[in-house]
Each structure stands twice: as C-alpha cells, then as structure tokens.
Amino acid sequence: MNSSHSNSGKDKNWTARLRKSTLETMEPQDLLPDNQPAYVASWIYVFGVLTIASLLMLIITGLILTLEGPSWWHVSSVGHFFNSMHLWSVELFFVFMVVHLWGKFWMAAWRGKRTATWITGVLAFGTSIITALTGYLIQTNFDSQWIATQAKDGFNAMGIGSFFNTLNTGQAILLHVALLPLVVGIIVVWHILLVRRKGVVPPIDNDSTIQTGAF
Amino acid sequence: MVMKVDPSKKWTGPVRPYDIIKEGVIAVVVVAVLAGGLSLLFSSPDDKAVTLKSWSNNNAADFALTTSGELAGTTTSAGYGAPYNHAANGPTLGPLKLQDWVGVHIPVDPPNDFVVTPLLMLNDANTTTALATWKVASADQQIKWATAYSDALGKAPGATSIPDVKNQFGPVPQMVTSLLAMAKTGALDGALTTSQTPLPTDFTKPLLFLADSDGYFGDMAAKQHLSGDQWGVMNETGSWPGQSWLWLFSLWYQVEPFKSSGNADTLVMTLMGLLTLALALFPILPIIRKLPYKIPIHRLIWKKWYARKL
C-alpha cells in the first residue's frame with residue numbers, strides 16, 4: 001500500500017526528483033538570510049551585489065529604451081539620457097563584476113565543492129561580453145557601423161559569422177533585447193542560488209583542506 | 001585557537017547580523033545614483049551613421065575608386081571568401097579552414113550586387129549602353145577594363161573620372177559615374193538595403209561596400225582611434241570609455257605573431273576561447289589554484305577575522 005511513497009517510487013517521479021534537487025537543498029534562511037558567518041566582513045563582498053544591482057539597472061534602462069525603438073535616443077533628449085544610463089550601467093557592471101571575480105579568485109572561493117559556483121560566474125562573464133557586443137551593434141550610429149564591420153571578421157574566421165551576422169542589425173537587436181538577456185539572467189540566477197545554497201566560503205587557513213588544495 | 005572547518009559543510013561558527021534585502025536595495029540606489037550622475041555629467045557619444053550618400057558626397061573620388069575596385073575584384077569584399085563568396089579560403093588555424101568549411105551562407109557578389117544590379121534601376125541611355133557592353137564582355141575583359149580604370153584613378157588623387165584616351169577602360173568609367181550620381185541622391189542606399197526585402201533590417205551589403213572604403217570609412221575610424229592597430233576593439237568614439245573589458249582581446253592584435261599574421265582573427269579568437277576555458281577551470285588548474293595560498297591577499301580580505309582569532 002505504501003509502494004507509491006517508497007524511495008524507489010520517488011526516484012522515478014520527476015516532480016519529486018526536481019523538488020529534492022532544488023527546494024529541499026535549501027532552507028528559507030539560506031535563500032533570504034538575516035545573518036552571515038562572522039568572517040563575511042570586508043568591502044570585497046559588496047561587489048557581487050553591486051554587479052547584480054548594475055544588471056538590474058541595465059534591464060530597467062534597457063526596457064525604457066525598448067518603448068520607443070532603437071532610433072529614439074538619437075532624436076530625444078530623454079531617450080539620450082536613458083541611453084547614457086544604459087551605457088554607464090554597463091561600464092559599472094563590468095567594473096564591479098571584474099573586481100568581484102578577482103576577489104573570489106584570491107579567496108579561492110571554489111573551495112568546499114563550490115566549483116560550479118565559480119564556473120557559472122565565468123559563464124555569466126562570457127555571456128555578458130557577447131550581450132554587451134550586441135548592444136554596441138544596435139546603437140544605429142557610426143560606432144555601431146564600425147564595430148559591425150570589424151567584429152564580423154572575428155566571427156567569420158571561426159565559421160560563426162554565417163549564423164551570427166554582425167552586419168544584420170535586426171538580428172543583433174533581437175539577440176540583445178530578447179535571447180541574450182534571458183541567457184545572462186538564467187546564469188546569474190543559477191549562480192546566486194549556488195552561492196546561497198553553499199554559503200560564503202570560509203577564510204583560507206581556517207579550513208582543513210589547505211594542505212591538499214582539494215575543492 | 002585555530003578553528004578548523006570543512007568548507008563544504010554548513011557554517012556553524014559565530015555569525016553577525018545581515019539584511020540581504022536592505023543590502024540589495026542600497027546597492028540599487030548606489031548604482032542608480034552613480035549611473036545617473038555619470039550620465040548627467042558625461043552623457044554618451046552619438047556620431048551620426050554614415051551612408052553611401054554621405055560617402056559619395058563627402059569623398060566622391062574615394063567612392064569612384066572603391067567602385068572600380070569592386071568591378072575589378074580587388075576590394076576586401078570582392079576577395080573575402082565565406083560566408084559571402086568563394087573568392088578566397090579565408091584565415092585558417094593550421095590545417096583547419098573553419099571559415100571556408102562553413103561555406104557561403106550570406107551570398108554577396110560585390111561587382112553585381114554593389115554596382116551592376118543597382119545600375120539596372122536607372123533609365124539613363126548612357127548607363128544602359130554601358131551595362132550592355134559590360135554584360136556581353138568576357139569575365140577576363142571585364143576585369144581588364146576595371147583594373148586599368150582602378151589603377152588610373154589610383155594615380156589621380158581626387159579624380160572621379162579619367163578620360164579614356166587609350167580606349168582601355170571600356171564601359172567602366174560610365175558605370176562608375178552613373179553609380180556615383182545614384183549614390184549622391186541616396187538611391188543607392190535604398191537599392192542595397194531593399195535588395196532582399198522592402199522593409200529591411202539587414203545592412204550587410206551597404207556596410208560591406210562602405211567597409212571597402214579606406215579613404216572615407218576607414219579614415220573616419222582612424223581619426224576616432226578605432227582602427228585595429230589603435231586598440232580600436234576596446235575604444236569608443238570621442239573620449240568615452242568603450243568595451244574596456246575587451247582589453248586582452250585588443251592586446252593580441254598589437255603584438256607579434258598576431259599583429260602581422262594573415263590568420264590573426266582565427267588565432268586571437270582561438271586564444272581567447274582557450275583563455276576563457278582556462279578561467280572557468282581555475283579551480284582544477286594545478287599552479288593557478290594554489291596562487292591564492294601562495295600570495296596571501298586573502299589576509300587583507302579577512303583581516304578582521306584573522307585579527308579576531310588572535
């Protein structure tokens with residue numbers, strides 16, 4: 001009678017397996033903590049959340065720019081201001097992200113089975129660079145024309161140019177506004193969930209794996 | 001007392017108060033103020049897009065020279081190879097011909113697409129006669145005419161046409177003159193962008209044509225320090241910061257063996273791909289993963305924690 005609740009039964013249940021590998025790996029305190037380990041006390045920790053805040057600002061200013069289309073900012077002072085906000089947000093985003101990345105490197109933040117957290121961070125960095133490039137391609141000004149004609153050679157040289165044509169503004173717009181932000185968003189959420197699930201890596205010299213360097 | 005913990009286990013040591021929502025809200029406000037302030041102070045660059053019309057009106061001689069080059073097959077586009085045409089194999093990576101193997105997916109035939117087909121739209125008798133002469137000529141003869149005219153224009157800076165005193169240019173001078181007149185009105189921009197669909201979003205053809213111009217398009221970029229040898233990959237027009245995160249990508253183009261290699265694009269793209277993969281694999285790379293232990297920057301990061309233990 002209890003066969004439907006047996007372990008073997010649960011293992012075959014896709015819903016149960018998904019719940020077990022996601023929700024049941026994290027407690028509410030992990031997801032929305034009101035305390036942190038005492039060693040989490042350095043300015044370096046601020047750069048992760050500043051990166052996320054910059055991404056949020058990019059999404060907000062980007063959404064505002066979508067309301068009137070890609071040429072709006074050339075003819076409207078309001079549009080130009082939000083284009084400037086979008087530009088400076090991406091500059092801040094990368095500054096914060098790179099400081100965050102190097103901070104995590106010097107903490108050897110992959111210790112304690114946090115390799116996936118590190119890799120998703122690098123993935124977020126890489127996809128952000130491609131997303132930023134498509135943003136530069138859709139400025140519809142001289143800069144975007146020049147970047148398009150130069151970047152095409154790199155992609156063509158690798159055989160990618162047939163599928164991602166930097167000279168096709170329509171394709172770049174759709175990639176920048178729809179597909180790539182979705183990909184970056186998914187990777188960033190995945191990264192954050194891994195951080196919350198595993199917790200903040202403890203200080204070096206404070207763990208038992210220093211000698212082996214095990215991760 | 002040194003407290004040894006397993007970093008893979010949940011922390012059970014001392015904690016301090018923390019408000020993740022409050023921290024997030026403060027971060028958003030800080031970024032909004034920073035981005036807003038920088039926008040008000042420095043705005044953002046917007047150099048107007050160039051067109052075939054602006055090119056032909058501002059540097060007619062360069063337009064005429066590039067057009068004759070398209071007919072002669074000597075421009076970058078005419079000799080590019082995949083994904084536009086079969087004119088060359090493109091850069092390689094050792095035995096790997098990645099560009100060539102993928103094949104022609106975005107067909108562009110510069111002499112016909114940039115010059116002959118747009119000219120067919122004109123009802124001018126001289127142009128029609130010139131096109132008729134061009135069409136019945138052999139490919140060798142066409143190249144001979146166009147090369148001779150291109151060479152002659154190249155030796156006459158500022159000239160948009162050269163008299164055919166030795167009868168060696170065939171219909172090429174008329175074709176170039178007609179296309180120049182068409183471009184000056186803006187009709188050529190429309191002809192090239194609408195060649196596939198009446199509501200275009202793809203600017204492959206006019207941009208490839210523009211990019212063949214060293215004397216106008218390339219010159220404008222060089223003045224804005226955007227050329228490859230000026231670290232142009234990471235630069236922006238004016239004095240604004242560009243894609244500074246591409247500094248390493250840009251660096252390789254400034255140094256040998258990449259700088260002078262005909263395969264620079266393939267080599268740099270491959271190298272950057274490998275370096276990105278290496279970055280992802282830092283946790284398992286033998287020497288790299290030990291660096292944080294050897295160079296104790298973590299002592300600064302966790303200064304308060306280490307002091308607390310003592």
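Guide: Gladly! Let us start with two helices of chain B: α3(B) passes α7(B) in a left-handed crossing. Please keep in mind throughout that this is a predicted model. Here α3 covers residues 60–72 and α7 covers residues 139–154, and their axes come within 8 Å, crossing at roughly 155°. Because angles over 145 degrees count as roughly antiparallel, that crossing makes α3(B) roughly antiparallel to α7(B).

Now for the residues that meet. On the α3(B) side, the contact is built from Ala64(B), Leu65(B), Ser68(B), Gly69(B), Leu71(B) and Ala72(B). Facing them from α7(B) are Gln142(B), Ile143(B), Ala146(B), Thr147(B), Tyr149(B), Ser150(B), Leu153(B) and Gly154(B). Sorted by class, the contact of α3(B) with α7(B) holds 8 nonpolar and 6 polar residues, and no charged ones.

Chain B has another cis bond to show you, from Glu256(B) to Pro257(B), where omega is near 5°. Pro257(B) also belongs to a loop, the one between α12 (247–252) and α13 (264–280) of chain B.

Let us step back to the domains. Chain B is divided into domain 1, made of 20–43 + 234–309, and domain 2, spanning 52–223. Taken over C-alpha atoms, the centres of these two domains of chain B are separated by 41 Å. Contact between them involves 5 residues of domain 1 and 4 residues of domain 2. On the domain 1 side of chain B, the residues touching domain 2 comprise 4 polar and 1 charged, with no nonpolar ones.

In all, 80 residues of chain A are in contact with 79 residues of chain B. Several elements of chain A each supply at least two residues to that side, among them β1 (35–37), α4 (46–68) and α9 (169–198). The largest share, 14 residues, comes from α6(A). By class, the side of chain A that touches chain B has 41 nonpolar, 32 polar and 7 charged residues.

The axes of α6(A) and α1(B), residues 20–42, come within 8 Å and cross at roughly 120°, which makes α6(A) oblique to α1(B). Here α6(A) passes α1(B) in a right-handed crossing. From α6(A) come Phe81(A), Ser84(A), Met85(A), Trp88(A), Ser89(A) and Leu92(A), meeting Val31(B), Leu34(B), Ala35(B), Gly36(B), Leu38(B) and Ser39(B) of α1(B). This contact of α6(A) with α1(B) divides into 8 nonpolar and 4 polar residues, with no charged ones.

Strands join the two chains as well: β1(A) and β1(B), residues 15–17, pair in the antiparallel sense over 3 bridges. Within that pairing, Asn35(A) has Pro17(B) as its bridge partner in β1(B).

A last stop in chain A: Lys113(A) lies in the loop between α6 and α7 of that chain. Its phi is near 60°, a positive value in a residue other than glycine.

Technical notes:
Residues are numbered from 1 along each chain as its sequence is written. Chains are lettered from A and ligands numbered from 1 in the order in which they are written. This is a predicted model: local features need pLDDT of at least 70, side-chain atom pairs count only at pLDDT 80 or more; totals for chains, interfaces and linings use all residues. Two residues are in contact if their C-beta atoms, placed from the backbone, lie within 7 Å. Helices (H or I, at least four residues) and strands (E, at least two) are DSSP runs, numbered from the N terminus. Ala, Val, Leu, Ile, Met, Phe, Trp, Tyr, Cys and Pro count as nonpolar, Asp, Glu, Lys and Arg as charged, and the others, Gly among them, as polar. Two strands pair if DSSP finds at least two bridges between them. Domain bounds come from an automatic or database domain assignment. Axes are lines fitted to C-alpha atoms, for helices over the stretch in contact, and angles run from 0 to 180 degrees between N-to-C directions. Angles under 35 degrees count as roughly parallel, over 145 as roughly antiparallel, 65 to 115 as roughly perpendicular and the rest as oblique. A crossing is left-handed if the near helix is turned anticlockwise from the far one by less than a right angle, and right-handed if clockwise.
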